[in-house]
Amino acid sequence: MSATLREAVAEPVRDALPFLIITVLWVVVMVVLYGLFLVTKPSDITYDAWVHATVFVVPAIGFLGQVLQQALSGQHRA
């Protein structure tokens, strides 16, 4: 691999790495929150699917904010 090609590949990867780390962290946060929701749920109560889905709404808003921020910063660089 030539030095120019290596640089051309390394720069986008280096730019994408923080976003990928943030994405993994948000997925972990959502899974942990859902796990806490399931662990603390009383056993004699059953929730509809929409209640289970709302557990993901708050972390998803943060995740979408990160996606928007990354998209806007990427657009600014181009």
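**Helices, aromatic cluster and surface of a predicted model**

In this predicted model, the protein chain has an average pLDDT of 79, and 90% of the residues score at least 70.

Q: Which helix of the protein chain has the highest mean pLDDT?
A: The protein chain has three helices and zero strands. Among its elements, helix α3 (residues 57-77) has the lowest mean pLDDT, at 75. The highest mean pLDDT, 86, belongs to helix α2 (residues 49-54).

Q: What percentage of the residues in the protein chain is buried?
A: The protein chain exposes about 6100 Å², and carbon and sulfur atoms supply 73% of that area. A residue is counted as buried under 20% relative accessible area. Of the 78 residues in the protein chain, the buried share is 9%.

Q: Are the rings of Y34 and F37 stacked or edge-to-face?
A: The protein chain has two aromatic pairs. In the pair formed by Y34 and F37, the ring centres are 6.1 Å apart and the planes lie at 25 degrees. Planes under 30 degrees apart count as stacked, whereas those over 60 count as edge-to-face. The pair of Y34 and F37 is therefore stacked.

Q: Is F37 buried or exposed?
A: Y34 and F37 both lie in helix α1, three residues apart, which is about one turn of the helix. Y34 has a relative accessible area of 24% and is partly exposed. F37 has a relative accessibility of 17%, and the cut-off for burial is under 20%. F37 is therefore buried.

Q: Which residues do ring pairs link into a cluster?
A: Y34 and F37 form a stacked pair. Ring pairs also bring in a further residue, Y47. The cluster consists of Y34, F37 and Y47.

Q: The side chain of T54 reaches the backbone oxygen of which residue?
A: T54 is placed in helix α2 and, at 39% relative accessibility, counts as partly exposed. Its C-alpha is 9.7 Å from that of Y34, although T54 and Y34 are 20 residues apart in sequence. At 2.6 Å, the T54 side chain reaches the backbone oxygen of V51.

Q: What is the area of the nonpolar surface patch that includes L36?
A: L36 is found in helix α1 (residues 3-40). At 48% relative accessibility, L36 counts as partly exposed; patches are made of residues with over 30% relative accessible area. Together with V24, V28, V29, V32 and L33, L36 makes a nonpolar surface patch of about 470 Å².

Terms used:
Residues numbered from 1 in each chain as written. Predicted model: local features only at pLDDT ≥ 70, side-chain atom pairs only at ≥ 80, totals over all residues. Heavy atoms only, no water. Patch = residues over 30% accessible without salt bridge, like charges linked within 9 Å, V, L, I, M, F, W, Y side chains within 5 Å. Areas by Shrake-Rupley, 256 points an atom, 1.4 Å probe, with all protein chains shown as cover. Salt bridge = Lys/Arg side-chain N within 4 Å of Asp/Glu carboxyl O. Helix = DSSP H or I, 4+ residues; strand = E, 2+ residues; numbered from the N terminus. Buried < 20%, exposed > 50% of the residue type's maximum accessible area, 1.4 Å probe, protein only. Phe/Tyr/Trp six-rings, centres within 6.5 Å; stacked < 30°, edge-to-face > 60°. pLDDT = per-residue confidence, 0-100. Polar contact = N/O pair within 3.5 Å; in protein donor to acceptor, adjacent residues only side chain to side chain.
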